[in-house]
Structure formats: C-alpha cells, structure tokens
Amino acid sequence: MAQELRSINLVAPAFKGVNTEDSPLAQDPSFAEIADNAVIDKRGRIAARKGHDVITTNKTVLGSDSIRVMKEFKDNAGNTKVFSVGNNKIISGTTTLVDETPGSYTITADNWKMVNFNDNTYFFQRAYEPLVYNNTSGSVVKLSTVTGASAAADIPKANEVLSAYGRLWCADISDNKSTVFWSDLLIGQNWTGGTSGSIDISKVWPDGYDEIVALAAHNGLLIIFGKHSIVAYQGAEAPASMTLADTVAGVGCVDRDTVQYTGTDVLFLSHTGLKSFGRAIQEKSLPISSLSGNITKDIIGALQTENQFFRSVYSPEEGFYLLTFVGQDVTYCFDVRGTTENGSYRVTRWVSTGFTSYTRQEDGTLLIGTSKGISEYEGYQDDGSPYRFKYYSPSLTFGDSSRIKILKKLKPTLVGANNATVFLKWAYDFKSSYATAEFTVGDQITGFFGVSEYTAVEFTGGALTNQKSLNATGYGTSIVVGLEADIDGSQLSLQEINVMALIGKLL
Amino acid sequence: MSNGYSSTDIDNMIEDTQDEYNIGIPSNVLSAGTGNSGGGGFLDLLGGLGSYLMQPDVLLPGVVGGLLTGEAYGRLSDIGRQARTGAEELAATQMEQTQFRPFTVTTATGAGMGTQVTPEGGIETTMGLSPEEQALQSQLMGGAGGFFGQAVQPTVEREQAIFERMRSAQRPEEQRQRLATEERMAAQGRLGLSSAAYGGATPELLAQETAINEARNRAMLGAMQQAQAEQMQQAALGQQFLGAGYLPQQQLMAATQPAQQLAALQQQAQLQGAGLFGEATMSGLEAQLVAEQARANLLGQTGAGLLSGALTPRSTGNSSLVSALGSIFGQGGG
C-alpha cells in the first residue's frame with residue numbers, strides 16, 4: 001500500500017545562523033550546520049554576503065603583502081584621509097597607495113593601531129615610537145618631533161591606544177603589561193607633564209595576575225581588558241581621581257583588535273567566545289552569556305590556532321560584527337540585530353575571503369583590506385570573481401529518528417540568484433557523501449514599470465523568486481539538506497526548502 | 001661763744017707781747033718825732049725827759065703804774081695760752097668722744113656681720129653666713145651656673161631633640177593615616193596611580209604628604225620656639241637661682257639695718273654729747289678767759305691810772321712833767 005508523503009517545510013532555513021554546539025538531531029531546523037559566505041538578510045533569511053570591490057588601482061607600495069590595518073583620518077575641518085598599513089609601511093590613499101612612512105623610521109611589523117584624537121591620527125605599535133599625522137603638517141611624523149612633545153624615551157611604545165575622555169590612553173608595552181598611561185588633556189604628544197599620568201593595576205587584577213590587552217571607554221567607564229579579567233574604572237574624566245568601579249574575573253580579551261562598540265555594548269573576543277562588556281557589567285558575575293554560544297567550540301578552536309592577527313569591525317549599516325582570524329582566513333559574521341533564545345548572536349561564517357583588515361568610514365562605507373589593496377564591501381563578486389555560498393541544514397529526523405526516511409523531492413525557494421547555478425545536496429545518516437542535484441536559476445533581471453522596455457524583461461516588483469522541484473534519491477534515518485551556489489553578481493537568499501519524504505519502517 | 005678774735009689775731013697779739021716796747025701801742029709811736037730830730041735836739045730831749053722822770057712825784061706812780069700794766073700784760077698772755085691749751089685738749093677729747101665704735105650683728109639663722117676700725121683708721125666690715133646658708137647658697141649658685149651654662153648653649157641640638165620627640169609623637173598617627181589611605185586606595189584600585197599634576201602621586205597622597213609636611217614644618221618651628229623658650233627659661237631660672245643665692249646675704253644685710261640704725265643713734269648721741277661737752281668746756285674756758293681778761297684789764301686800768309696821774313701836770317709845781325712833755329711834743333711838733 002502506497003504511503004503518504006511526509007512534508008517538512010524548512011521555512012527561512014538557518015535564519016538563526018550556525019549552531020555547532022547542540023546535537024544535530026535535537027536541533028531546531030532554523031539553525032544551520034554550515035552557513036558559509038552568508039549573512040542574515042533584512043528579511044531574516046539566510047543569504048549570500050556581499051562581495052568586495054577593489055578600488056585600489058595602484059598598490060605598488062604594498063607589493064605582495066596585504067593591508068593589515070586601516071583607519072580613516074578625520075578632523076574638525078572635515079578633512080579625511082584613509083591610512084593603511086602593510087608591507088612594513090604606513091600607507092595612505094585608497095586608489096593609489098602612497099608610502100607615508102617617516103624618513104629614517106624602520107618598520108618590521110604591521111600590527112599598528114590607529115586612533116583619531118583632536119584633529120590628529122596617532123599610530124601605536126609595541127616597541128615603536130608612536131607616529132602622528134595631522135592635516136596641517138600633511139605628513140606622518142614621529143610623535144616626539146611634534147611641538148610640546150615629551151622626549152621619545154618618555155612616550156610609551158605601547159601596543160594599545162585609546163582615544164577617550166579628552167586624552168590618549170595606552171598600555172601593553174614590551175616590559176610593562178600592567179600599567180595604563182594617559183596623556184595630558186587634549187595634548188596627545190605630552191606624556192610627562194600637565195595632567196598626564198599612569199596607573200599600575202598589577203595589584204588590582206581580581207585573580208592576582210594578568211596582562212593588559214585592550215582598553216575601551218564605555219558608559220563613563222575606562223575598561224581595561226586583561227587576558228583573563230576585566231577591570232573598570234569610573235571617573236576617568238579626571239584620571240587622577242578615578243576609582244575602581246568593577247572587576248570581572250575569568251573573562252578577558254584575546255586581542256585589542258576584537259574590541260568594537262555597538263552603541264549599547266562593547267563587544268570583545270574572550271577565550272571562551274564573543275562577549276559583551278555591557279552585559280557582563282550588568283550580570284557582574286560568571287557565567288556570562290556568550291554572544292557566540294552557538295559556535296563556542298569553533299571560536300575557541302580558531303583562536304587557539306590563530307598565528308597572525310585578529311581583525312574586527314562593526315557595521316551598523318549591515319547590522320553585523322565581523323571577526324576575522326587572518327591566519328586561518330576565516331571570518332565570523334555576527335548579526336547584531338537580535339539574539340537567539342540562548343542570548344547568542346546569529347552567526348554565519350565567511351571562508352577564504354582573503355580579508356585582512358576593515359574600517360568603517362564616516363559615510364558608512366565598509367572598507368576591506370586584502371592583498372589586492374583596499375576594497376569596498378559591495379556588489380556580489382569578490383574582485384570580479386564568484387564566491388561560493390553554502391547552506392547545510394542540521395540533521396533532520398522528521399520527528400522520529402527510529403524510522404527510515406526515503407527522500408522524494410526537494411523544493412527550494414530562492415530569491416534572486418540571477419542565472420546562478422545552484423547545487424542542492426542531501427545526505428543520510430551523518431555521512432559526508434552528498435548526493436547532488438544541479439539546476440540553474442533563470443534570468444532574474446528585474447523590470448520596472450516605466451523604466452524597462454516592453455518584452456525585454458519581465459515586470460516585477462523587485463527581486464524575483466525562483467522555486468524548483470528536484471527529485472531526490474536514497475534513504476536513511478536522518479537527512480542533511482544543503483544548498484550551494486556560486487555568487488556571481490546577484491544576491492541570493494534562501495526563502496525556504498520544502499522536503500518531501502516517505503516515512504519507512506522501524507529499524 | 002665768739003670773742004671777736006680769730007686765731008690769727010690772737011697769734012699776732014701774742015707775738016706783739018714779746019716786744020717789750022710794745023704795750024699795745026705801735027712801737028713806733030714812742031719813737032715818733034725822734035727819727036726826724038737832729039742829733040743835738042734828740043739828746044736834749046732825752047736829757048730833759050730823764051730829769052723829769054727822776055722827780056719823786058713822777059717816778060713812784062710811774063713805776064707802780066708800769067708794773068701793774070706789765071702784770072696785766074703778762075696775765076693776758078697767759079690767758080691766751082691757757083685758752084689755746086684748753087681748746088686743744090677739748091678737741092682731743094672730742095675726737096676721742098666722736099670716734100666710730102665697732103659693732104657686730106648676728107641673725108637668727110646664724111649669719112653675722114662685724115665692723116672694726118683698721119689701724120689706718122678705716123672701717124672694715126665682715127659678713128659671714130651659717131654653714132646651712134652657705135650650703136644653700138652654694139647649691140643655688142651652682143644651679144644658677146648650670147642654668148646660665150645651658151642658656152648660653154646653641155639651641156640647635158635641643159631643637160633637633162624636641163623636633164624628634166614631636167615627630168615621634170606624630171609618626172604613629174601619620175603611619176595609621178598612611179595605612180588607611182593605602183587601604184582606601186587599594187579598595188579603589190588606585191595604588192599604582194601616578195599623576196604628573198600631583199608630582200607623580202595622587203591627589204589624596206599629595207594632600208596627605210602635604211599635611212604631613214605641614215605638621216613636620218610646624219613641629220620644626222615649634223621645636224625652635226620651644227628651644228628658645230627653654231633657653232629663656234634657663235636664663236630666667238639662672239637669674240632666679242642667682243637671686244636666691246644672694247638671698248641669705250640680703251637677709252643678713254636686712255638684719256643689720258636695725259643695728260645700723262642703733263649705731264647711728266649711738267653715734268648721733270655720741271656726737272651730740274661731744275658737742276655739749278665741747279660747748280660746756282668752751283663756756284668754762286670763755287668764762288675763765290673773760291675773768292682773767294677782766295682782772296688783767298683791772299690791773300691795766302690801775303696801772304694806766306697811776307701812769308696817767310704821774311704824767312698829768314699839776315699846778316703846784318708838778319707841771320714840770322707836763323711841761324717837759326709839752327716841750328718835748330712842742331719841739332717835736334715844732
């Protein structure tokens with residue numbers, strides 16, 4: 001006797017992002033096992049990320065190296081200039097890269113941090129005398145050469161610098177990992193006079209010992225991140241009188257370049273994943289809900305094997321926080337517009353992008369540094385080349401893991417993906433050998449009333465929706481459904497996948 | 001009592017009595033007229049005078065009168081000598097009567113003061129304290145010396161000593177405040193804070209150290225003032241001890257005041273007695289002198305009377321002397 005087909009409709013699959021923490025069998029189909037080169041789009045669907053459009057036309061000074069750090073200089077007069085770092089040089093410009101390295105200043109590392117402060121951009125890197133740029137001088141110079149500057153020996157050669165509360169704050173120098181230094185008020189080159197000063201917090205660490213990794217200013221607090229703990233000071237507007245506001249033990253920061261401000265929270269990467277300082281302050285005690293709770297093990301594994309840089313950026317326009325493990329060429333994209341039930345951000349993964357640095361310009365443009373120079377985050381090609389979007393569902397049991405499922409049809413509904421070749425994949429019982437059905441999405445060029453010519457395009461209201469029905473084969477107790485597509489100029493969003501299966505006998 | 005003669009007058013008078021030809025009349029009176037006469041006239045005069053005097057009614061009264069007058073003259077001379085001798089004896093007696101008489105004073109505490117006249121006539125005073133008073137005086141003097149000795153010493157060491165004592169009293173509280181500040185700063189996570197605006201420290205540390213330094217400065221100034229006050233005190237004590245050291249002597253001196261007053265009264269009585277004695281003696285001498293002078297005058301007047309009678313011209317033939325004298329004087333006068 002013929003059996004009834006069982007339909008499982010995966011509506012807005014993976015709109016909760018990747019989840020590698022829960023058991024595949026017990027997972028909500030709204031999670032994804034894999035979501036590569038994907039984001040959560042404005043409709044809450046999993047979609048292909050944007051590509052990067054290289055705007056650099058002359059990268060001679062960069063050579064074969066990559067852009068390691070980027071920062072846009074801005075002053076009160078409205079002057080802007082994009083600085084970047086790579087190939088052991090200080091570089092300016094976006095189209096033609098110009099070497100701005102001061103004369104007789106040798107650089108052998110590209111782990112600079114740049115901050116804007118009082119119409120100047122300051123460059124700090126461990127064991128290097130800080131540099132400074134302003135529009136008046138028009139060039140990058142050693143900080144000690146500026147009028148009113150402290151002697152070079154008195155200027156901290158710090159790895160971390162923060163512009164906040166009318167001063168420069170810096171920490172993490174080669175032989176002193178416990179002292180925070182601050183400059184004179186509004187005078188970033190004066191580190192010895194005025195109201196400059198320092199604080200040694202070696203006796204303040206809640207667990208006895210730590211090393212300063214990063215600094216942040218948030219909610220009137222000066223936040224000092226150690227590797228395994230956090231110390232917050234209040235009253236940093238008058239640093240000579242600031243007092244300890246809170247300490248958090250067991251949560252620290254992995255790298256200064258993972259700290260980003262979202263307006264309400266300070267995001268940073270700890271050894272146990274992405275954390276929010278604002279939330280940690282509210283809870284004041286461990287355990288702290290992790291913002292990367294759905295991929296904790298992946299994050300920990302990635303940071304343990306990282307041997308180069310961490311880079312991050314927050315883009316309110318795109319609604320994500322990007323965290324890149326440069327050495328592994330892996331970027332985690334955290335959607336900051338909402339959290340899942342466990343308090344974690346929805347996260348997707350970008351692989352093999354070649355992204356090595358980011359900065360967000362004042363107009364919201366997200367600049368991306370690669371070995372090709374500087375790119376803008378836009379379009380749906382990576383420097384003119386397609387990139388692979390992947391989605392794989394968690395294992396689906398259709399509510400009864402003890403019965404055999406015989407997959408009959410797969411009906412994906414896609415939005416966009418003009419002329420893209422889509423690979424629909426499925427596999428049974430946790431096997432990695434997938435069966436594949438390939439199809440090509442038709443012409444999805446949109447036609448608008450009064451704009452497009454009659455009969456040239458199909459009149460649409462926006463992105464076109466494409467629905468396919470593909471026959472599937474095989475059987476098993478659990479099914480993983482995947483979809484891959486090369487993104488080559490058009491957006492792609494996965495609206496839903498309707499899985500039709502027969503429920504077989506008990507095993 | 002004054003008789004109107006000075007001692008010089010008396011001496012002249014006595015010397016005059018040595019001249020046999022001077023009986024109170026200037027010696028040149030009898031020779032008046034003779035000096036100017038020629039050799040022949042003068043001899044005539046002497047021859048006439050001798051003849052006159054050899055007359056019996058002139059010679060006898062003249063001789064008796066002359067003797068009596070000589071006796072009166074001699075007595076007056078004796079009276080002068082006796083008056084001088086008596087006055088000298090009186091002076092010697094009064095010198096002895098008015099001479100200072102030494103006395104001694106002994107106080108109830110055993111101190112004593114004595115006076116004596118030296119062989120040279122000076123007056124020597126000696127004072128002595130009792131052994132207890134001497135011991136007390138020595139102790140007080142020694143104490144005064146000690147205090148003065150301390151008063152003249154430089155105050156630097158004493159200032160330092162006082163300063164150290166004040167600081168040692170302040171340090172425990174300062175240390176407690178430091179510890180409290182340290183704990184408070186540790187609780188506030190500010191132990192390692194350093195600000196250039198506060199000399200490399202923190203506002204509370206700067207305030208605390210400023211307060212400590214102010215206390216130290218006050219202690220230093222206080223130590224200086226205290227050392228100077230102690231120096232003044234040492235000087236004042238020295239003065240007090242010195243004054244007290246002289247107190248037995250002062251008391252001895254005070255104790256001699258009644259004795260001195262008594263001695264003065266005695267001296268005054270002695271002087272008064274000597275004066276009375278002198279006056280009485282001098283009254284006797286004057287009375288005797290007056291009596292003797294009266295007797296001498298009486299004899300003199302008798303002698304003068306006799307002489308006057310003898311030399312007075314008589315109508316019965318006794319006018320030869322007068323005539324002779326008249327002729328003498330007439331010649332002389334002529």
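## A salt bridge within chain B

Arg158(B) and Glu230(B) form a salt bridge in which the closest N and O atoms are 2.5 Å apart. The model is predicted, and the distances and areas reported here are computed from it.

The two partners fall into separate accessibility classes. Arg158(B) has a relative accessible area of 33% and is partly exposed, whereas Glu230(B), at 15%, counts as buried. The limit for a buried residue is under 20% relative accessible area, which is why Glu230(B), at 15% relative accessibility, is placed in that class.

## Salt bridges within chain A

Over all chains, the structure holds 30 salt bridges. One of them joins the side chains of Asp36(A) and Arg349(A), with an N to O distance of 2.8 Å. Asp36(A) lies in strand 2 (residues 34-36) of chain A and Arg349(A) in strand 28 (residues 345-351) of chain A; the pair links distant parts of the chain, 313 residues apart. Asp36(A) is buried, at a relative accessible area of 5%, while Arg349(A) is partly exposed, at 29%.

Another salt bridge is formed by Asp257(A) and Arg311(A), whose closest N and O atoms are 2.8 Å apart. Asp257(A) is in the loop between strand 21 (243-249) and strand 22 (260-261) of chain A, and Arg311(A) is in strand 25 (residues 310-315) of chain A, so the pair ties together parts that are 54 residues apart in sequence. Here Asp257(A) is buried, with a relative accessible area of 13%, and Arg311(A) is buried, with 5%. Chain A also contains a network of salt bridges that links Lys16(A), Asp28(A) and Glu341(A).

## The interface of chain B and chain A

Contact between the chains involves twelve residues of chain B and 18 residues of chain A. Together chain B and chain A bury about 1000 Å², of which 56% is on carbon and sulfur atoms. On the side of chain B, the residues that lose the most area to chain A are Gly189(B), Leu193(B) and Ala196(B), which together account for 35% of what that side buries.

Zero salt bridges are found across this interface. Polar contacts, by comparison, number nine residue pairs between chain B and chain A, counted with both residues at pLDDT 80 or more. Strand 4 (residues 192-195) of chain B supplies four residues, the largest share of the side of chain B that touches chain A. By type, the residues on that side divide into six nonpolar, five polar and one charged.

## Strand pairing between the chains

Strand 4 of chain B also pairs with a strand of the other chain. Its partner is strand 17 (residues 197-200) of chain A, and the two pair in the antiparallel sense over four bridges. Within this pairing, Gly192(B) in strand 4 of chain B has Asp200(A) opposite.

## An open sheet in chain A

Chain A includes an open sheet formed by four strands in the order 6-7-8-9, with antiparallel pairing. Strand 6 (69-74) and strand 9 (98-99) of chain A are at the edges; each has a single partner strand, so one side of each is left without a neighbour in the sheet.

Strand 7 (residues 80-86) and strand 8 (residues 89-92) of chain A run antiparallel and are joined by four bridges. Opposite Ile91(A) in strand 8 of chain A stands Ser84(A).

## Positive phi in chain A loops

Ala127(A) has a phi near 75 degrees, a positive value in a residue other than glycine. Ala127(A) is located in the loop between strand 11 (120-124) and strand 12 (131-133) of chain A. The relative accessible area of Ala127(A) is 48%, and the residue is partly exposed.

Tyr165(A) is not a glycine either, and has a positive phi of about 55 degrees. The loop that holds Tyr165(A) runs between strand 14 (160-164) and strand 15 (167-171) of chain A. Tyr165(A) is partly exposed, with a relative accessible area of 22%.

Definitions and conventions. Residues numbered from 1 in each chain as written. Chains lettered and ligands numbered in written order. Predicted model: local features only at pLDDT ≥ 70, side-chain atom pairs only at ≥ 80, totals over all residues. Heavy atoms only, no water. Salt bridge = Lys/Arg side-chain N within 4 Å of Asp/Glu carboxyl O. Buried < 20%, exposed > 50% of the residue type's maximum accessible area, 1.4 Å probe, protein only. Contact = heavy atoms within 4.5 Å. Buried area = accessible area lost by both parts, 1.4 Å probe. Polar contact = N/O pair within 3.5 Å; in protein donor to acceptor, adjacent residues only side chain to side chain. Nonpolar A, V, L, I, M, F, W, Y, C, P; charged D, E, K, R; others polar. Pairing = 2+ DSSP bridges.
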